[in-house]
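Student: I have not looked at this structure before. Could you take me through it?
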Amino acid sequence: MIRTSAEFEKDFILTTKERTGKTLDQWMSILRRSGLSKKEYIIDWLKEEYILNHLQAGLLTGLYLNDGKPVYTDRDNLLEAQFKYCKTTRPLFDFITEKIFDQFYDAKLIPKKNYLSFTGIREFAAADIKWDAIRLGMDLGKMRFTNDLKPSKIKGANSRISHMTIISVRKQFDQAINQCLCLSYYRTHNY
């Protein structure tokens, strides 16, 4: 059975002392004293200085950078974190979400750490929030890339999310984008 990131994180929080020799509170104190603030530096430092494996270092870093709170278990926190530095794009995202929910009765929004996933049976769209636009990724298979449909650059999204379009104003979410979303939805729901 595949374990989710939330399950890994919950298990790690419950067994931090057994796995690493220190409690989660001790690790948060150590990380505060380190003065480090960049994710990559913290992970490398934990691996080198404390001989932690990559998963342990990554989980501790995520918890530390989230003020010691779980990253993956709080869905609302993950959603709001996407807009921490991109508050101006929230109304646009809400508009796009409403359009997707109106079109696809079983669509669900699943906030991830690095992007927002739209799923039914499987992920059919992904939103990457930027300060001035939203990258909307879709599973369009071998469809030809165009000026409006570029190769997807959405980190963490399902590898089937092949294309993306950049939406910076509501009117860009037009009939052509809606047709692409429909194609993506039916590709991922046709077994």
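The conversation below covers the model, its helices, its cores and some single residues.

Student: What kind of model is this?
Tutor: This is a predicted model, in which local features need pLDDT of at least 70, side-chain atom pairs count only at pLDDT 80 or more, and totals for chains, interfaces and linings use all residues. Residues are numbered from 1 along each chain as its sequence is written, and side-chain values use heavy atoms, with hydrogens and water left out.

Student: Let us begin with helix H1. What span does H1 have between its end C-alpha atoms?
Tutor: Helix H1 (residues 5-20) spans only 19 Å, whereas a straight helix of 16 residues would span 22 Å at 1.5 Å a residue. Helices (H or I, at least four residues) and strands (E, at least two) are DSSP runs, numbered from the N terminus. The expected span is 1.5 Å times one less than the number of residues.

Student: Where is the kink in H1 centred?
Tutor: The kink is centred on Leu14 and is about 65°. The bend at a residue is the angle between axes fitted to the seven residues ending there and the seven starting there. Just after H1, Gly21 has a positive phi of about 85°.

Student: Which residues of H1 are buried?
Tutor: Glu9, Phe12, Thr16 and Thr20 are buried. Buried means under 20% relative accessible area, exposed over 50%, and partly exposed in between (1.4 Å probe, protein chains only). The buried residues of H1 pack against helix H2 (24-34) and H4.

Student: And H6, how does its span compare with what it should be?
Tutor: The 14 residues of H6 should span 20 Å at 1.5 Å a residue, and the end C-alpha atoms of H6 are 20 Å apart, which agrees. Its buried residues include Phe93, Ile96 and Ile100.

Student: Which residues have the most contacts inside the largest nonpolar core?
Tutor: They are Phe93, Phe124 and Leu181, in a core of 29 residues. Helix H6 (90-103), strand S2 (116-119), strand S3 (123-129), strand S4 (134-138) and helix H7 (175-188) each give two or more residues to this core. A nonpolar core is a set of buried Ala, Val, Leu, Ile, Met, Phe, Trp, Tyr and Cys residues joined through side-chain atoms within 4.5 Å. A second, separate core has 15 residues, among them Met28, Ile30, Ile43 and Leu59.

Student: What does Leu181 touch?
Tutor: Not counting residues up to four places away in sequence, Leu181 touches Ile100, Phe104, Phe124, Ala125, Leu136, Met138 and Phe173. Contact means heavy atoms within 4.5 Å.

Student: Changing topic, is His163 buried or exposed?
Tutor: His163 is buried, with a relative accessible area of 0%. This residue belongs to strand S6 (residues 163-167).

Student: Which side chain does His163 join through a polar contact of 2.7 Å?
Tutor: That partner is Ser162. A polar contact is a pair of N or O atoms within 3.5 Å; within protein, one must be able to donate a hydrogen and the other to accept it, and residues adjacent in sequence count only if both atoms are side-chain atoms.

Student: What is phi of Ile51 near?
Tutor: Phi of Ile51 is near 55°, a positive value in a residue other than glycine. Most residues other than glycine have a negative phi. Ile51 sits in the loop between helix H3 (39-50) and helix H4 (54-65), and Ile51 counts as exposed at 68% relative accessibility.
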